[in-house]
Amino acid sequence: MSEYKKTRGLYVPDSDNPFKISRSKLELFVECPRCFYLDRRLGISRPPGFPFPLNSAVDHLLKNEFDSYRNEGKQHPIQVEYGVDAKLAKHCDLENWRNNFTGIKYLHVPTNLLVFGAIDDLWINNRGEYIVVDYKSTSIHEKIVALDKPHHATYKRQIEIYQWLLKNNNYKVSDTSYFVYANAFKDRDRFDKKLDFDLTLISYIGNSDWVEGIVFNSYECLNSESIPELNKHCDYCSYLKNSLLD
């Protein structure tokens, strides 16, 4: 059993079988090729982070809410509030594309990598272009009106990978995407078994041209027989380096 756990899901050079690689694993490669190689080639993963069940709950409830308007053929109030000229898209594969274990897939033939990612929502404009929408939730004192924090770069890349996947499935895709951001208030006098949220809509014009190159680069990394060097910008690599010096 232990040997099975070490080898399943790992990349095997020269295999004829497509290798599934998720959007989050591509993001891992962007962050640190060494951590990516250790994870996907050798089965040595970063320590798992803590789950965020409250964030997941907000995500699930937002999907339910948007779906209720979708089923009625109406715009969501936040689309009306921000003057977004788009409808909530109805697509037979939407539920599969939202599923973390399936997502929207694309087999990148030159590398035989099966890239996939789970979207939160899709809207469609009057030109028939799909709009990628992502839900985010947090709790900070300031109103969220822009994606101007360092960690927001990850969110932008996430959206652009989804756009790339849709384009490679031969869908018309708008460069404009949206983040539905739920920000929980902390200034209430009582909890009363509920959280109140401010909901804002932030537009983002994506450019997915970089994704193809990252897929090729991750493929080259996976096929290397050498572990990439320690990344001085990676906290995990820095911890490992310092631990070896102790």
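**Core, sheet and helix packing in a predicted model**

Reader: In the largest nonpolar core, which residues touch the most other members?

Author: This is a predicted model. Its largest nonpolar core has 42 residues. Helix 7 (residues 152–168) gives the largest share of this core, 7 residues. The members that touch the most others are Leu113, Val115 and Leu122.

Reader: How many residues are in the second, separate core?

Author: Val84, Leu88, Tyr135 and Ala182 are among its members. The size of this second core is 15 residues.

Reader: Which strands are the edge strands of the open sheet?

Author: The sheet has 3 strands in the order 1-4-3, and the pairing is mixed. An edge strand pairs on one side only. The edge strands are therefore strand 1 (19–22) and strand 3 (104–108).

Reader: In what sense do strand 3 and strand 4 pair, parallel or antiparallel?

Author: Strand 4 covers residues 113–117 and is joined to strand 3 over 5 bridges. Leu107 has Leu114 as its bridge partner, and His108 stands opposite Leu113. The sense of the pairing is antiparallel.

Reader: Which residue in the hairpin of strand 3 and strand 4 takes a positive phi?

Author: The hairpin has 4 residues between the strands. The positive phi, near 60°, belongs to Asn112.

Reader: Which strands does helix 8 lie across?

Author: Helix 8 is made of residues 209–223 and runs at about 125° to strand 4. The strands it lies across are strand 1, strand 3 and strand 4.

Reader: Why is helix 2 oblique to helix 3?

Author: Helix 2 and helix 3 (residues 33–40) pack with their axes 5 Å apart, at an angle of about 135°. Helix 2 is, because of its angle to helix 3, oblique.

Reader: How many residues of the contact of helix 2 with helix 3 are charged?

Author: Helix 2 contributes Lys25, Leu28, Phe29 and Glu31. Helix 3 contributes Pro33, Cys35, Phe36, Asp39 and Arg40. The contact has 5 nonpolar residues and no polar ones, and the number of charged residues is 4.

How values were computed. Residues are numbered from 1 along each chain as its sequence is written. This is a predicted model: local features need pLDDT of at least 70, side-chain atom pairs count only at pLDDT 80 or more; totals for chains, interfaces and linings use all residues. Side-chain values use heavy atoms; hydrogens and water are left out. Two strands pair if DSSP finds at least two bridges between them. Helices (H or I, at least four residues) and strands (E, at least two) are DSSP runs, numbered from the N terminus. Contact means heavy atoms within 4.5 Å. Axes are lines fitted to C-alpha atoms, for helices over the stretch in contact, and angles run from 0 to 180 degrees between N-to-C directions. Angles under 35 degrees count as roughly parallel, over 145 as roughly antiparallel, 65 to 115 as roughly perpendicular and the rest as oblique. Ala, Val, Leu, Ile, Met, Phe, Trp, Tyr, Cys and Pro count as nonpolar, Asp, Glu, Lys and Arg as charged, and the others, Gly among them, as polar. A nonpolar core is a set of buried Ala, Val, Leu, Ile, Met, Phe, Trp, Tyr and Cys residues joined through side-chain atoms within 4.5 Å. Buried means under 20% relative accessible area, exposed over 50%, partly exposed in between (1.4 Å probe, protein chains only).
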